[in-house]
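The sequence and the model come first.

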Amino acid sequence: MIYKNAQPLIVFCLIMMAFMFGSSCGLLGGKDEKKPSGDLMPLEVGNYWVYETTYLDVMKDTIRYEVTAEVEVPVGDTTYTAYAANFLPFPPDLEPYFWLRRNGEEGIYSMGGISNADTLFINELEYKLPSEVGESIQAPQVSFSYERFEFYLSDTLHITLIDDDREVVTPAGKFSCLVYKFDLNIGDDLDRVNYYMFYSINVGLVKQEERAKFENRLMTEQILIEYRTQ
């Protein structure tokens with residue numbers, strides 16, 4: 001269900017944390033004992049993650065993703081507490097906007113997005129936890145238009161857990177990660193690419209890879225170099 005109210009970098013960054021919104025699947029057999037202890041993405045105001053991003057083995061940049069506010073999100077007859085986050089700081093000529101997410105009974109839920117110009121509220125499972133290797137969900141992707149200054153549903157993602165114990169070594173430490181894979185069309189004239197998201201429970205996103213789908217060529221890599229969670 002979608003509630004839309006019009007009111008008061010790069011594709012890669014949009015995809016990283018906003019970008020993957022999906023419909024929910026049931027818990028596997030109702031076995032609560034399988035649920036890992038903790039959240040896939042700790043969401044509290046003030047939490048942040050700093051990444052080093054490498055583009056095509058040439059360009060390097062440092063980006064910071066931060067949780068900035070707690071937002072009450074009405075969907076139907078229910079109001080959820082969600083957290084607003086995005087990459088900071090915004091360029092001076094860019095309208096500030098924030099993605100809304102929450103931790104729920106089946107994993108991370110996308111709750112839409114909010115800005116001074118537009119608001120989009122949804123309640124869709126984004127990353128399923130617990131999940132078994134090979135399990136997939138279909139996820140509508142939420143994007144933000146710089147021309148219209150509004151949120152919209154732009155694509156449908158097929159998100160699959162491909163590994164539940166991948167070791168990743170970063171400047172911020174060594175982590176055991178769950179690896180989720182999905183593909184996305186990044187432009188009318190561009191081939192689809194595969195994205196691999198490496199999450200560590202109680203830490204958040206540790207690594208992301210963007211690879212050309214047919215060549216498996218690494219296009220962009222993002223590695224955690226610093227973070228704070230509470």
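A residue is called buried when its relative accessible area is under 20%, exposed when it is over 50%, and partly exposed in between, using a 1.4 Å probe and protein chains only. The model is predicted, so local features need pLDDT of at least 70 and side-chain atom pairs count only at pLDDT 80 or more, while totals for chains, interfaces and linings use all residues. Residues are numbered from 1 along each chain as its sequence is written, and side-chain values use heavy atoms, with hydrogens and water left out.

**Overall layout**

Helices (H or I, at least four residues) and strands (E, at least two) are DSSP runs numbered from the N terminus. The protein chain contains 1 helix and 13 strands, and along the sequence these follow the pattern β-α-β-β-β-β-β-β-β-β-β-β-β-β. Of the 230 residues in the protein chain, 50% are buried. Accessible areas come from the Shrake-Rupley method with a 1.4 Å probe, and for residues only the protein chains shown count as cover. The protein chain exposes about 10,700 Å², of which carbon and sulfur atoms supply 49%.

Phe 149 belongs to the loop between S8 and strand S9 (150–170), and Asn 202 to the loop between strand S11 (192–200) and strand S12 (204–212). Phe 149 has a relative accessibility of 36% and therefore counts as partly exposed. Asn 202 is also partly exposed, with a relative accessible area of 41%.

The loop between S4 and S5 also holds Leu 94. Leu 94 is buried, its relative accessible area being 16%. Between Leu 94 and Tyr 146 there are 7.7 Å in space, C-alpha to C-alpha, although the two are 52 residues apart in sequence.

**Aromatic contacts**

A pair of aromatic rings is described by the distance of the centres and the angle of the planes. Rings of Phe, Tyr and Trp (its six-membered ring) pair if their centres lie within 6.5 Å; planes under 30 degrees apart count as stacked, over 60 as edge-to-face and the rest as tilted. A search of the whole structure finds 16 aromatic pairs. One of them joins Phe 90 and Tyr 97, which form a tilted pair because the ring centres are 5.8 Å apart and the planes stand at 55°. Both Phe 90 and Tyr 97 are buried. Tyr 180 and Tyr 199 form an edge-to-face pair, since their ring centres are 6.2 Å apart and their planes are at 80°. Tyr 180 lies in strand S10 (residues 173–185) and Tyr 199 in strand S11, so this pair ties together parts that are 19 residues apart in sequence. Tyr 180 is buried at 3% relative accessibility, and Tyr 199 is buried at 0%.

Which residues do ring pairs link into a cluster? The members are Phe 90, Tyr 97, Phe 98, Trp 99, Phe 144, Tyr 146 and Phe 151.

A charge sits over a ring if NZ of Lys or CZ of Arg is within 6 Å of the ring centre and within 35 degrees of the ring normal. Arg 64 lies over the face of Tyr 48 at 3.8 Å from the ring centre. Arg 148 has its charged end over the ring of Tyr 152, 5.0 Å from the centre of that ring.

**The largest cavity**

On a 1 Å grid over the protein atoms alone, a cavity is a set of points where a 1.4 Å probe fits but cannot get out; lining residues have an atom within 4 Å of a point. Grid points are joined across faces, edges and corners, and a volume is the space filled by probe spheres set on the points. The largest cavity has a volume of about 50 Å³. Its lining consists of Glu 126, Tyr 127, Lys 128, Ser 131, Glu 135, Ser 136, Ile 137, Ile 159, Leu 161 and Tyr 180. At least two lining residues come from each of S7, S8 and S9, and S7 gives the largest share, 3 residues.

Ala, Val, Leu, Ile, Met, Phe, Trp, Tyr, Cys and Pro count as nonpolar, Asp, Glu, Lys and Arg as charged, and the others, Gly among them, as polar. On this basis the lining of the largest cavity divides into 5 nonpolar, 2 polar and 3 charged residues.

Conventions
On a 1 Å grid over the protein atoms alone, a cavity is a set of points where a 1.4 Å probe fits but cannot get out, and a pocket is an open set with protein on both sides within 12 Å along at least five of seven lines; lining residues have an atom within 4 Å of a point.
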